[in-house]
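Hi,

Here is the structure I promised to pass on. Have a look at it first, and then read on for what turned up.

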Amino acid sequence: MPDIEKVKCLIIGSGPAGYTAAIYAARANMHPVLYQGAQPGGQLTTTNEVENFPGYPDGITGPEMMVELQKQAERFGTDVRDGWITKVDFSARPHKVWVNDVKEIHAETVIISTGASAKYLGLPSEMHYLQTGGGVSACAVCDGFFYRNQEVVIVGAGDSACEEAHYLSKLCKKVTMLVRSEKFRASKIMEERVRKTENIEILMHTETVEVIGDGQVVSSVKVANRSTGEELVIPATGFFVAIGHKPNTDIFKDYITLDETGYIINKPGTSHTNVAGVFVAGDAADHVYRQAITAAGTGCMAALDAERFLASQE
């Protein structure tokens, strides 16, 4: 029989939500244990500059910010660990989780802050420039500012793609929007908005062939018309992908109520899930705002809700 570790507060995930929850939980003497997961630091580690988080007048890189948040959580006694949770059993209390399929932990409270992952097209060239930080992004609100008065390309056909294209149109000289099929998936009102915007050019039935650049930064995007096969090279310094996000919630689906796209449904205005003692913070439950600051805010809520829950059990 392997040793089962007993934990007061287990935090799954290490973005702004998880680390903020850890800071609050640690200060409340809940002795939190935090598992960083497959992408320590979360989505922000793919962001070069974070300039919209309050308190950083000169900006900070995403990875640096995560290192600072981790240090702050550890300063108050959070036990930050490598590894990820591969299985859970929330059918009875204490809640059971397994780390890397091996270690079993029994937790009085669990805070899920596993976030979401942006979907990308998966082209080698796109992945290359995502890694160099030279012009590929999945967040117009985060990165649009860096492309002021420049020309950019955005891929996507849904409401959020339209919203991001419209947002970029206010900053950029020209926005070329690539829609794979012959029609938008977005609502009529959102489609009308982009069609009416003068500096947005929409190319229907068009897919991306390659993101082109000098190895460090993007200079253009090669696209092809899906019916004629005709190729076109569009000058652009930014390539935005708006084809959706996938919340990292698969392991919870047998116990936690999810919406049709996999986001955790929380009780409005709280971090409570449908399971008592299990709370959610950050992008695993947020398909609307998806910002570091909103994730941090819900991390605080989850820790306070968990603390109140533990107090009510005594």
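**A parallel pair and its crossover**

V175 has I200, in strand 13, as its bridge partner. Please keep in mind as you read that this is a predicted model. The pairing involves strand 12 (residues 174–179) and strand 13 (residues 200–204), which run parallel and are joined by 5 bridges. Between them the chain passes through helix 6 (residues 188–196), and this β-α-β crossover is right-handed.

**Helix 7**

Next, helix 7, which covers residues 292–313 and has 22 residues. From its first C-alpha to its last it reaches 32 Å, close to the 32 Å expected at 1.5 Å a residue. Which of the residues in helix 7 are buried? They are A292, A295, A296, G299, C300, A302, A303, D305, A306, F309 and L310.

**Cysteines**

How many disulfides does the count come to? The count is 1, and the pair is C139 and C142, with sulfur atoms 2.1 Å apart. The torsion about their S-S bond is about 75 degrees, so the disulfide is right-handed.

C162 is in no disulfide, and the nearest cysteine sulfur, belonging to C172, is 16 Å away. With a relative accessibility of 1%, C162 counts as buried. C172 is in no disulfide either; for C172 the nearest cysteine sulfur is that of C139, 13 Å away. C172 is also buried, with a relative accessible area of 5%.

**A loop residue**

One last stop is D254, in the loop between strand 18 (245–247) and strand 19. Is D254 buried or exposed? Its relative accessible area is 65%, so D254 is exposed. The C-alpha atom of D254 is separated by 8.7 Å from that of F90, although the two residues are 164 residues apart along the chain.

Definitions and conventions: Residues are numbered from 1 along each chain as its sequence is written. This is a predicted model: local features need pLDDT of at least 70, side-chain atom pairs count only at pLDDT 80 or more; totals for chains, interfaces and linings use all residues. Side-chain values use heavy atoms; hydrogens and water are left out. Two strands pair if DSSP finds at least two bridges between them. Helices (H or I, at least four residues) and strands (E, at least two) are DSSP runs, numbered from the N terminus. A crossover is right-handed if, with the strands pointing away from the viewer, the path from the first strand over the helix to the second runs clockwise. The expected span of a helix is 1.5 Å times one less than its number of residues. Buried means under 20% relative accessible area, exposed over 50%, partly exposed in between (1.4 Å probe, protein chains only). A disulfide is a pair of cysteine sulfur atoms within 2.5 Å.
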